[in-house]
Amino acid sequence: MDANLKIPTHVGIIMDGNGRWATLRGKKRSYGHNAGSNNVDRIVTHAFNRGVKTLTLYAFSSENWARPKEEVDELMRLLKVYFKKFIKKVLKNKIRLFVMGDMSKLSPDIVKIIEEDMEATKHLTDHVLNIAINYGSRSEIVMAVNKLLAEGKEVTEQGISENLYTAEFGEPDLIIRTGGELRLSNFMMYQGAYSELYFTDVLWPDFDEGELDKALSSFSERKRRFGKI
Ligand code: IPE
Ligand code: IPE
Ligand code: MG
């Protein structure tokens, strides 16, 4: 890769396409979720090696509860496994873990592991891995506005930004969606107002280091005008 590449500070990824990846192989959707989950760390490692500071991964949307219970249970099981292992890896990797979304609907055992991981890594500043679980952008915006109202504050753009889950991490410079769909599916709609968007047909389990480099190269060529000329 070109050493003069402009690297985005904050990247968001909508990790889509696990189900189709499995179907293409004649397997059950859970097989794709396993493969997808195994793909997370190589992308996290590569993104941070390339100089990305904050990586936000969309793992489970507030709408995904509407899937069959068997599939939801499998996704929750995989998340739990991931967070359980996370803490052992993190000590050498200096990654701060943050989870954004409505935790109240998750099972208490997952919440406990997530809270322990977040607490144990909150002092780490090199990189932030922000994972969106039971996340929906609309409810996040409503929550932020309600917080301002409850505090008797005026609702302003800055006030909303400061009360989103991402308050500390800022807005994504680049949002990547794998799996071929051309939509945001309720992901970071407020923060993404001026994000560069990158869509690829590559299904999430196949999205490897080279594919991430393609997205980073594309970002590097973009002219971000923010409404100016
Ligand atoms: C993973 O991909 C994203 C999650 C919601 C966990 P999907 O499960 O949506 O896979 P497709 O889009 O059906 O292929
Ligand atoms: C978006 O993917 C959510 C995650 C990747 C976690 P979906 O598969 O749920 O999105 P839609 O239903 O195709 O919009
Ligand atoms: Mg999907």
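**Surroundings of the two ligands**

In this predicted model, an oxygen atom of ligand 2 lies 2.6 Å from an N or O atom in the side chain of Ser185. The protein covers 78% of the 390 Å² of accessible area that ligand 2 has on its own. Two further side chains make polar contacts with ligand 2. A polar side-chain atom of Asn64 is 2.9 Å from an oxygen atom of the ligand. For Asp16, the distance from a side-chain N or O atom to an oxygen atom of ligand 2 is 3.1 Å.

The shell around ligand 2 includes Ile14, Met15, Tyr58, Ala59, Phe60 and Arg67. Arg177 and Arg183 also belong to this shell. By class, 5 of its residues are nonpolar, 2 polar and 4 charged. Strand E2, residues 54-61, gives the largest share, with 3 residues.

The side chain of Asp16 places an N or O atom 2.8 Å from an oxygen atom of ligand 1. Backbone atoms contribute too. A polar backbone atom of Gly17 is 3.2 Å from an oxygen atom of ligand 1, and one of Asn18 is 3.2 Å from an oxygen atom of this ligand. Alone, ligand 1 exposes 370 Å², and the protein buries 88% of that.

Conventions
Residues numbered from 1 in each chain as written. Chains lettered and ligands numbered in written order. Predicted model: local features only at pLDDT ≥ 70, side-chain atom pairs only at ≥ 80, totals over all residues. Heavy atoms only, no water. Near = heavy atom within 4 Å. Polar contact = N/O pair within 3.5 Å; in protein donor to acceptor, adjacent residues only side chain to side chain. Areas by Shrake-Rupley, 256 points an atom, 1.4 Å probe, with all protein chains shown as cover. Helix = DSSP H or I, 4+ residues; strand = E, 2+ residues; numbered from the N terminus. Nonpolar A, V, L, I, M, F, W, Y, C, P; charged D, E, K, R; others polar.
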